[in-house]
Amino acid sequence: MKFGIPRGLYYEPLLTEWKVFLEDLGHSVEISPPTNKLILDEGVKEGVNEACISLKLSIGHAMYLKDRVDCIFAPRLMNMDKYKRITLCPKFRGLPDLFRVFIPNVLSLNAYLGSFERRLSFYSKVGRELRVGFLRVLRAYRRARLASKKVKELQRDGFLPDEARAWVLGGSEPSFTLKRKDEALPIIAVVGYPYIIYDDYVSHSLLKKLVNMGFNVVTPEMMDDKEIEEALRYLWKPLFWSQSNKVVGAAFKLLRKPEIDGMIHVSSFSCGTDAWVGSLIELEAKKFEKPLMRIVVDEHTAEAGLVTRLEAFTDLVRWRKGRAVI
Amino acid sequence: MRRITLPRMGYSYIGFRAVFDALGHEFVEPPPITKRTIDLGVKYAPEFACFPFKITLGSLIEALSTGKVDTIITAGGIGPCRYGFYGVMYEKILKEELGFDFDFILLDPPIKPYGNMKKVWDIVLKWKGELSWREFILRLTKGFKLAWRKLKKVEDLEALILKKRAWVKDISKVEDLFNEAIRKINLSMDLDEVDAIYKEAKDSIEAIPDDRGDVLKVGIVGEIYTILEPFSNLNTERLLNERGVEIERSVWTTEFIEYNVFPGLPFPLKQMVGWKGKDDIVKYSKPFLNEFVGGHGRESVAHTVMFKERGFDGVVHILPFSCMPEVVARGILERVGRELDFPILSLSFDEFTGEAGLITRIEAFIDLLRMRRRMAA
């Protein structure tokens, strides 16, 4: 059978794992291409009113795959944290049902992925659905995990997720990396959900722009998970969504590091979770007197306006660092 | 003795008042929501916070600035709806940003990692104060019983006027009777008296003769705060009633407590309050929405299907702008409407919603419903 996995939302970090897993079980897998104008237009046309751009995009990606594959593989992400009660944004939980509004053929199972046992039980359920034995599932699971771990390590070194995945799955070494080449350059932390900051179309290649402007960039994916978890202690009640906890934890940790010169929080318009995430980061940045810029993207965001804001912000960061080049 | 307040949500303050009175604390009734409340909330709340958060924050600021309040109490939660984090944000904004001084009590369920038994126990001890255990439990049960009865009766009356207002031309008479009854129930301290007031009000409202025909039947589904607090939805229900539409609400304060607090109670208490389970919601929301998405998202879908089966003319779906569970429900209601051939109107509210646009949409919807009736006949 030919499966399609749509990009968008939190499927982004899981693409490698699922692709390797399904291919190992003898199915072919098509991942929707990186976001482009057509996909965005489709998503905006069919997607839910008032939803964040990421949800609309997700629907656009699924619509792209609709006629190209036999079945859309869209597990319902329920948990990615060691605590079972830390879940994901309601939109992720409703995503398979939102796909079903337009697409009849959706394979969806509840995915609890927070610990080894939960992951294994999820994958064996997928295996049962595809009628393969447990041992084969185990083998496929091992391979999938290895590949996804490799991608994660590469991301920690500063490679972009798409290029890292292509490399692990047999491509050539990517040319672009966020790895620091010159330690003297000012460092800007870019925090936000991976499905926004790594999506070049939505964020207008923000990361690449910063690197080209002569900055070192840090993202939550380039940090140690332990560090992020530690930093969450400063919050006296964790948020309910693992993706937000990661962003808040990373931001809190980075704001406490003296070498970070500024922070950019990229969020999408009408993102529910970012209402809290954004203001938590804002309050914390005030405490540590770090420059913070919040960029809100949606389908109408224009590149020119973004560049102007970015230039103003980077000038400020450089000026504070004492090496203005204006 | 503490002077407690809570954000306003419809008539829920009547219940809270009964509980706190019984415990010997003073309950400061939150001032009614006005334009000023919303402006205050919008000013200090995060930009994308939900509309209910902005209103309740404004309501708390108003209450605190009178100087009559020293304690604020809020329920916490475990998500995935944003509501569970309101408490933390209230405290951060009111204490850190605005510098108010008050005692903040957050009732988090003892579920890891959000809360634990110790926190719950500390709160219980705080409330017990100087009272003996026996006295405390007696008072608490008495308070809860009275609160529950009052809330139930108020809601029954509300349900009654939501129907009755559609049938009479002069709705002010109905509303006067209703408001009078609410005032009396709020002040009453006795179970039987509450029943008597309710019965009297019900009889007199029902006695008003119907002078209007061709009344449509519409169900209301959606997010609880925006439905229950008339100021936040620009009194949509009244606007519908005035145009000859009978309404049935699907969400109520007591129902909210039954569904969200009762399942978490420990063993004997759960059986004592008569927990029934949520099977009907699960049954009716399939195959459209197969999982709990937080808030009333799943209920919105299930109740829409139920209203269809009961032969209603349509459904109005009320949500605050960018509410996470209801946005999911809204996407799915599109499919429900298409597959069941059922008119659904989604109305989202925030501080910029204007009344004129709302009325236009409502009237167009009503015209559509009347047309469908005529076509079917």
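Predicted model: local features only at pLDDT ≥ 70, side-chain atom pairs only at ≥ 80, totals over all residues.
User: Which residue forms a salt bridge with B:R330?

Analyst: That's A:E50, with the closest N and O atoms 2.7 Å apart. The pair crosses between chains, from helix 15 (residues 324-340) of chain B to the loop between helix 2 (37-46) and helix 3 (53-66) of chain A. Helices (H or I, at least four residues) and strands (E, at least two) are DSSP runs, numbered from the N terminus. Across the interface of chain A and chain B the rule finds 4 salt bridges. B:E97 and A:K286 also meet in a salt bridge, at 3.6 Å, N to O.

User: How do I read the chain A and chain B interface, and what area is buried there?

Analyst: Start with contact, meaning heavy atoms within 4.5 Å. On that count, 41 residues of chain A touch 50 residues of chain B. Buried area is the accessible area (1.4 Å probe) that two parts lose on being put together, summed over both. Here that's about 4100 Å², with carbon and sulfur atoms giving 68%. A:E50, A:K237 and A:W276 supply 19% of the area that chain A buries against chain B, more than any other three residues.

User: Which helix of chain A gives the most to that side?

Analyst: Helix 12 of chain A, with 8 residues. By class, the side of chain A that touches chain B has 23 nonpolar, 8 polar and 10 charged residues. For those classes, Ala, Val, Leu, Ile, Met, Phe, Trp, Tyr, Cys and Pro count as nonpolar, Asp, Glu, Lys and Arg as charged, and the others, Gly among them, as polar.

User: What domains does chain A have, and how far apart are their C-alpha centres?

Analyst: Domain bounds come from an automatic or database domain assignment. For chain A it gives domain 1 (2-168) and domain 2 (187-321), with C-alpha centres 25 Å apart. The contact takes 32 residues from domain 1 of chain A and 32 residues from domain 2 of chain A. Between these domains about 2400 Å² is buried, 59% of it from carbon and sulfur atoms. The rule finds 3 salt bridges across this interface; A:K152 and A:D225 meet in a salt bridge at 3.1 Å, N to O.

User: And in chain B, how many residues of domain 1 are in contact with domain 2?

Analyst: 9 residues of domain 1 of chain B, against 10 residues of domain 2 of chain B. About 740 Å² is buried between them, 70% of it on carbon and sulfur atoms. B:Y11, B:I14 and B:R17 supply 69% of the area that domain 1 of chain B buries against domain 2 of chain B.

Definitions and conventions: Residues numbered from 1 in each chain as written. Chains lettered and ligands numbered in written order. Heavy atoms only, no water. Salt bridge = Lys/Arg side-chain N within 4 Å of Asp/Glu carboxyl O.
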